[in-house]
Amino acid sequence: MSNCRQRYAIRRAIVAAGAALATFAIAPSVAQDQSGEVETVIVTGSRILSSSLESPSPVQTITSEDIQTSGVVNIQDLLVRSPVAGTPLSRTNSNFLTSSVGVATIDLRNLGTARTLVLVDGRRFVAGIPGESAVDLNTIPASFIERVDVLTGGASSIYGSDAIAGVVNIIYKKNFEGFSFDAQYGESAKGDGDETQLGATFGVSSADGRGNIMGYIGYTDQGAVYSRDRSRSAVDQISTALLTGDPADMFTPLRPFYSSYAPQGRFFTANGPASGITFDANGNVIPWSTNGNASLAATGFNRSAFRTIAVPIERYLFASRGSYEFADGHRTFFEGTYASSQAVSVLEPYPLGAEDIYPATGGQVPAEFLVNGVLRRNPIVPDAVFNSAADEDGDGLRDFYFTRRMAEAGNRGNVADRDTFRVVGGLEGELFGGGWHYEAFYAYGQTKEAQTSSGQVNVLNFRNALEAVPDVGDIDGDGNTTEAICRDANARDQGCVPISVFGFNSISPAAFDYIKAPGMLATFTTQKVAGVNVSGSLFDLPAGPLGLAVGAEYRDEYSRSEFDPLQQAGLNAGNAIPRTEGAFDVTEGYLEIRAPLLADRPMADKLDLNGAVRFADYSTVGSVVSWNGGLEWAPIPSLRFRAIRALATRAPNINELFSPPSQDFPTGLQDPCVGVTATSTGTFDAACRAAPGVNANIAANGAFTLNQSDIQGISGFNRGNPDLSEEEGDSWTIGLVIKPSGIPVLEDFGFTIDYYRIDIKDAIVFTPRQFILDQCYRGNAAFCQFITRRPAAVGANSAGSLEFIDSGPTNSGGEFAEGIDLTVSYARDIGPGAFRGRLAYTHVLDQYRIPLPGADKDYIVGEAEDGLVAPEDRAVLNLGYNVGKFGASLTTTYTGKVSLDDQFLAQFGLPRGAVGVSAKTYVDAQVTYSPTENYQIFIGGNNLFDEQPAPLISGLPGDDTGTETNGGTYDPIGRRWYAGVRVKL
């Protein structure tokens, strides 16, 4: 397969026509212009020019009016209310990410952002996350949107790879004339999380009406919300059940549950207390007690005082579009988007363990050295540490172990500056007297990110600074023979300053300057797309014209992500994250037909057959084919049945293919060996005892036991797989559309109900770490290669405790989702005003993933697990009433109950669904006053009743660190209000 072959394809799925189907309303069957003549348009879900505004696929629509009445600053905040949406990446669950902090994505059906294709005006948009396909919705100006069409089900044959769960098609406004301005400010009831939005839209048409150009300039600023400012997350805690093993304690927090890495340090020596010693605020030696007890004050560290629930994001946005009819029926067009954003993450100072500096000895720090054959003590080491130390690494010299919170380095965090640029240009027009439509376009997009990080250290310099000796004989030649100096002469010449890690604020500014290691990340992502599309009618059938669309597309994707050298090597005491770079290109061609078989017949007002096929040739996975076939039958005008069968495909992205090993620190894992004894006979026991470290732990404690440091000290590596192939999603959608006509009361309603079924074969999956643990100790040895246990005790970590659990992508999995979508719309004049109501409801019948062939199902539906919450039932109800100059809207969002992850519950001997959290309902409202047609004042509130999020506390599946809930599903901020104005000229 050639990497330089040129290909063409994809066209624009310009979804025209008013705000029909608005989340569930049914559109009229024919589009007309102002003269009454029938227009032809292209709708989301098809590329064929048609006189009908009805999509052959289920489409839910969010209109510009919906955006206004919601008061959202980012379109993601409105999209996630849809019951078909899953748990995406957002500003309330990305604070701890090494990169991509503050990115806003969308995930349909909880099948993953990689399986949801986001389009702008029917064309692909450059990714916002390096190496992936997910679009950062921070780059989309909400006030410039005409509507958003959400198509669910496989659509790869129409739009290409990634459209397995569905498509989100964002339609910008067009042909705008005049000037409009909007301004809005809001904040939470706690006085934080402030939001400011300013935007101006402007447009002008040429005097002859052939051309139009319009643009948008906007600014938004969303403020931070910190963990310390919400009582539920102000103090470190953990589910008590993880320590007691009693399921009744699941939602009982053990509080405080401080970190054992504290700013004053914790020190272990051969002859000192097993729990270590530390220092009080006055420098006195005291016993260590992480959480305190009746006789000892707590010496641990409260990380929650420094963590962030919602990261602040500031955005500058520009969008434009224009067209000019240079000849009758032929137009040139362009679109442009530029977004500049800054996101800032803040978390607690870095937790440093001596093994980060001395990995070869397990963290044993020398307390004395041989200098010119003479034994010299490090004069900085206090007597309490030195006198109780002994040789533990076999070099004959005293040593000690320590952990320390690097408070002098300040809080950790990232400042991520992102710039996204995209431009589209092309030609479109009519052929053969207007019966055919053509479009040819080229699009280029790029995303650049420059990230700086703080709070970490250079471990090589730190080692030099720890190895201090007395300056006997004035080694450094400064005339002072009483000072401590760095032992290594080369290090001294490079500015080494001895460091003290003993006590609060013990690190001098000079020593800190020597060991500090500011981090940097630079990413660059590009997308190039060239496409040509032709649509029209081949000939007339008895029931109407045979519609055809054909086209081709060439797409090139490139991504590079590169950290600073220390981060790449893991020499800043953090995760080792090597450079990732990769690219692929693909040539695609498609054909779509729509054949009207019957029309205006008894029991066949309409009977259409639809079908599409797409061929793609990837430089990575080779040839791929996707297709769909559908049938639409309307026995009477007010009743329409639809059925669609589709085979959708997704090629692996750059990260899945090319990522080198990068370190991760998973949480919420349950070690199956806990409680195993030398003679116990449980499911996991024999396999656990096969590990030498586990046996040593049992010998010391009578049963395998973990401490707090063990629970908090698990790491692992994620890596790519260049041998991945494409995954295929086989889907069915069968539905019913009802628009009663001539029936009192019902004639103002519209109904849709759709059954969906998506079965993904050879799914690209990262095997969950809990699944790896369970399988290894159930006897599946293939999984044990991913697990590393500590063979002996290291500092505060116990023998046999988990050190690494690795994972990576394979085509070994499966994903399945099945459910029912119901929508109801109602619009009617009531009294002096107009009432509108819309309901969307989704019930998930079944959803699970299979990590490996033959493995048990890992259920998702109705569960909370790492990274997502997937209730069986979700709904959103929108109500509105306008009368005269006043308007009011009310939105109620319902998220059903969920149980904890079945794999997690199994560790407690509990069946699936045994323990969970209750349903949550959020109510939002807005009122408007329009003294004139061109001026409107509005005020609104979100989460009016201050509904608290589900208590997915630390240690439980689904918890996002720092929020004590799942921040991508529930509202972790609380009640908020906003007010603003809109002006049109």
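Mentor: Two residues are in contact when they have heavy atoms within 4.5 Å of each other. Keep that in mind as we go, and remember that this is a predicted model.

Trainee: Okay, what share of the contacts between residues at least 6 apart in sequence join residues at least 24 apart?

Mentor: In the protein chain, that share is 70%.

Trainee: And how do I read the radius of gyration of the protein chain?

Mentor: You set it against what a compact globule would give. With 985 residues, such a globule would have a radius of gyration near 30 Å, and the protein chain has 31 Å, so the two agree. Along the principal axes, the C-alpha atoms fill a box of roughly 100 × 65 × 65 Å.

Trainee: What about burial and surface?

Mentor: Buried means under 20% relative accessible area. Here 59% of the 985 residues are buried. The chain exposes about 36800 Å², with carbon and sulfur atoms supplying 56% of that area.

Trainee: How many positive and negative side chains are there, and how far apart do the centres of the two sets lie?

Mentor: There are 74 positive and 112 negative side chains, with the two centres 3 Å apart.

Trainee: Now the secondary structure. How many helices and strands does the protein chain have?

Mentor: It has 16 helices and 50 strands. Val 150 faces Val 168 in S5.

Trainee: Why is helix H15 described as largely enclosed by the rest of the structure?

Mentor: Count its buried residues. In H15 (residues 769-777), nine of the nine are buried, so the helix is largely enclosed. Among them are Arg 769, Asp 774 and Tyr 777. The cover over these buried residues includes helix H12 (685-689), helix H16 (902-906) and strand S38 (802-805).

Trainee: And what is the phi of Gly 779 like, positive or negative?

Mentor: Gly 779 follows H15 and has a positive phi, near 110 degrees.

Note on methods
Residues numbered from 1 in each chain as written. Predicted model: local features only at pLDDT ≥ 70, side-chain atom pairs only at ≥ 80, totals over all residues. Heavy atoms only, no water. Pairing = 2+ DSSP bridges. Helix = DSSP H or I, 4+ residues; strand = E, 2+ residues; numbered from the N terminus. Rg over C-alpha atoms; globule rule 2.2 N^0.38 Å. Buried < 20%, exposed > 50% of the residue type's maximum accessible area, 1.4 Å probe, protein only. Areas by Shrake-Rupley, 256 points an atom, 1.4 Å probe, with all protein chains shown as cover. Lys, Arg positive; Asp, Glu negative; His and termini not counted. Charge placed at Lys NZ, Arg CZ, Asp CG, Glu CD.
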